[in-house]
Every structure is written in C-alpha cells, then in structure tokens.
Amino acid sequence: MIQAIEIPLEETNARLQGLVRMPCPLCNHSDSMPENMIAGYQLEKCGGCGFVFMNPRCTPEHLDEIYRVRDEDELVQLYARIASPSVVDGYRHKLDIIEAIVPARGRLLDFACAAGYFFEEAQKRGWDAHGCDIGQWTAKAAQSRGLRQLHVGSLGEIGFEPESFDVIYAAQVF
C-alpha cells in the first residue's frame, strides 16, 4: 500500500526544481489528471492509455545530477549494506510472484537496478537476467560481485531491441 506523506512547501518547491511537465512516457498523450501525491511528487494518470506516471518529471540533466555525479565507492559500500538478508529474501519473494505469473524463466530486465542485487537473484534462479542503470557506479558494484549483464546508460543509449524481455522489473523508479 502506498502511503502519502505531507512534505513542507519549501521542500516540495526545492524538489521540483529541474522538473518539467512532459507527455505520457508510454503513449505520448499530453492530457493527464492528478492521481496521487507521494513524498512531494505528483503522480498523474494519462488520459490516453491510463498509465500513472510522475509529472512533472526529471530532465535528462537533472537525472545526470542525481544519478551520475556521485562518489562511486561510497555508493557501492552503501548498497552492500542495504542488501541485507531480509532485503534479499524480499527479492526472492518478488521472484516467486513473478514466476507464478511467468513460469518459464526467460529474459528479465531489472530497470534502474542500482547495484544489481535483484537481477543477481534472478540469475541464480535460472533467468537470463540483465540490469540497467544510468549510474556508472553500478558497473563497479556488479563487477565487484562477478555479475555480468549490467548495462550502463539510458534505455535509448543501451539500445535493447523491442520486446527483448519477458519481464521488466522496476522498483523505486520515478
């Protein structure tokens, strides 16, 4: 269950700097209606296809500032601490749910995978699992654990062919 959190106006205004209104990322329809507010970010429902997305959204420059300009070693260490046994058990539970829907373990993409712990668990279970993220530090995190198939860049930069994956997993992505 998603729970709304009230954020002070000054903090909300600071978060909105670098954000711009955009059409639906799925169908490019420009009409959308407010759906929910989460942690100071507006979610809107597309009038064309019904997809719910954050709007206004980050510009590519803002995303670079947030995700690419970071201390790599610090992030690798942070995510190693975050990937506690209970977090990894949560990934396994999510894979149980996915596998109940898609029993044949085909190709899985962990979109915005960070250090790659989710797609690592998927690989252990027989998936042809890949991860992608825009932060260069993610490659260092994956390589430190011997993981392969982590792709650095935006989806457009990476250039996956359409319908390349049976499952696309995206958690905490905005």
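The points below treat the salt bridges and then the nonpolar core.

The structure is a predicted model. A search of the whole structure finds 10 salt bridges, and the largest nonpolar core has 24 residues.

- The side chains of Arg92 and Glu121 form a salt bridge, with an N to O distance of 3.0 Å.
- This pair links distant parts of the chain, since Arg92 belongs to helix H4 (residues 85-101) and Glu121 to helix H5 (residues 117-124), 29 residues apart.
- Arg92 is partly exposed, at a relative accessible area of 35%, whereas Glu121 is buried, at 6%.
- Glu121 is classed as buried because its relative accessible area of 6% falls under the 20% cut-off.
- A network of salt bridges links Arg92 and Glu121 with Asp89 and Lys124.

**The Arg105–Glu99 pair**

- Arg105 and Glu99 meet through their side chains in a salt bridge of 2.8 Å, taken from N to O.
- Arg105 counts as partly exposed, with 41% relative accessibility.
- Glu99 is buried, its relative accessible area being 11%.

**The Asp128–Arg107 pair**

- A salt bridge joins Asp128 to Arg107, with the closest N and O atoms 3.1 Å apart.
- Asp128 is partly exposed, with a relative accessible area of 28%.
- Arg107 is likewise partly exposed, with a relative accessible area of 28%.

**The nonpolar core**

- In soluble globular proteins, nonpolar side chains tend to be buried together.
- Within the largest nonpolar core, which has 24 residues, those with the most contacts are Leu108, Phe118, Trp127 and Trp137.
- Two or more residues of this core come from each of helix H3 (72-82), H4, H5, helix H6 (137-144) and strand E9 (167-170).
- With neighbours within four places in sequence left aside, Trp137 is in contact with Tyr67, Glu72, Leu75, Val76, Tyr79, Ala114 and Ala115.

Technical notes: Residues are numbered from 1 along each chain as its sequence is written. This is a predicted model: local features need pLDDT of at least 70, side-chain atom pairs count only at pLDDT 80 or more; totals for chains, interfaces and linings use all residues. Side-chain values use heavy atoms; hydrogens and water are left out. A salt bridge is a side-chain nitrogen of Lys or Arg within 4 Å of a carboxyl oxygen of Asp or Glu. Helices (H or I, at least four residues) and strands (E, at least two) are DSSP runs, numbered from the N terminus. Buried means under 20% relative accessible area, exposed over 50%, partly exposed in between (1.4 Å probe, protein chains only). A nonpolar core is a set of buried Ala, Val, Leu, Ile, Met, Phe, Trp, Tyr and Cys residues joined through side-chain atoms within 4.5 Å. Contact means heavy atoms within 4.5 Å.
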